[in-house]
Amino acid sequence: GCGPDSPQLAWLKADLAANAGRCILAYGHHPRWSNGIAGPNNLIDPFFSALVEGRASLYLSGHESNYERFGPLDAAHQPDPNGVRQFVVGTGGQVMYPPIRRPGAIPQKDPAAESSNFTESGLLELTLFQDHYDFAYRGMNDVVTDSGSQTCHQR
């Protein structure tokens, strides 16, 4: 189970509490936030909230057939420099599909998504350091379409 009382969530919270590292990266199959067909996934909210509380720096996910980079967000989806940055990287070969406009969703594109690619398969390159990380999304034509560097959270 993935509920708030699940053994998986208890393990995550204990692991975050025991980890003295500064640059914490977590990964899971489903994104918490997404403009793809699966959309925001409320079922994993307890896990994303635990990552925010545990001061993780990154959350990597797939599931969607697109690439998106979200700015650091708190558990309520508000921009927060102490929040968790999420990458959605489901670009390994399945047919890409465009973002979905959901009824009542304004604006059409989630403003927290700082970069996206809904048309080209590719890969995310991450270089992890003790206090920061570098990232680059490289499309199939070997052109980098999104890149940057981010300082990790103090723990």
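Trainee: Which residue just after H2 takes a positive phi, and of about how many degrees?

Mentor: The model is a predicted one, and in it Arg55, which comes just after H2, has a positive phi of about 60 degrees.

Trainee: Which residues of helix H2 are called buried, and what covers them?

Mentor: In H2, which spans residues 45–53, the buried residues are Phe47, Phe48, Ala50, Leu51 and Val52.

Trainee: What makes strands E2 and E4 a pair?

Mentor: A pair needs at least two bridges between the strands, and four bridges join E2 (residues 58–61) to E4 (residues 85–89), so the two count as paired. These two strands run parallel, and Leu60 has Phe87 as its bridge partner in E4.

Trainee: Why are E1 and E5 said to stand at the edges of the sheet?

Mentor: The sheet is open and has five strands in the order E1-E2-E4-E3-E5, with mixed pairing. Strand E1 (25–27) and strand E5 (113–117) each have a single partner strand, so one side of each lacks a neighbour in the sheet. From one strand to the next, the twist averages 15 degrees.

Trainee: What is the volume of the largest pocket, and which residues are closest to its centre?

Mentor: The largest pocket has a volume of about 470 Å³. Its lining comprises 21 residues, of which Gln8, Tyr27, Gly28, Phe47 and Tyr59 are the closest to the centre. Two or more lining residues come from each of the elements H1, E1 and H2, and H1 gives the most, with five residues. By class, the lining of this pocket divides into 14 nonpolar, six polar and one charged.

Trainee: What makes a space a cavity, and how many of 30 Å³ or more does the structure hold?

Mentor: In a cavity a 1.4 Å probe fits but cannot get out, whereas a pocket is open. The structure holds one cavity of 30 Å³ or more, and the largest cavity has a volume of about 50 Å³.

Trainee: Which residues line the largest cavity, and how do they divide by class?

Mentor: The lining is made up of Ser57, Pro72, Pro81, Gly83, Arg85, Tyr133, Gln150, Thr151 and His153, with three nonpolar, five polar and one charged residues.

How values were computed:
Residues numbered from 1 in each chain as written. Predicted model: local features only at pLDDT ≥ 70, side-chain atom pairs only at ≥ 80, totals over all residues. Heavy atoms only, no water. Axes fitted to C-alpha atoms, helices over the stretch in contact; angles between N-to-C directions. Buried < 20%, exposed > 50% of the residue type's maximum accessible area, 1.4 Å probe, protein only. 1 Å grid on protein atoms, 1.4 Å probe; cavity = no way out; pocket = protein on both sides within 12 Å on 5 of 7 lines; lining within 4 Å. Points joined across faces, edges and corners; volume = space filled by probe spheres on them. Nonpolar A, V, L, I, M, F, W, Y, C, P; charged D, E, K, R; others polar.
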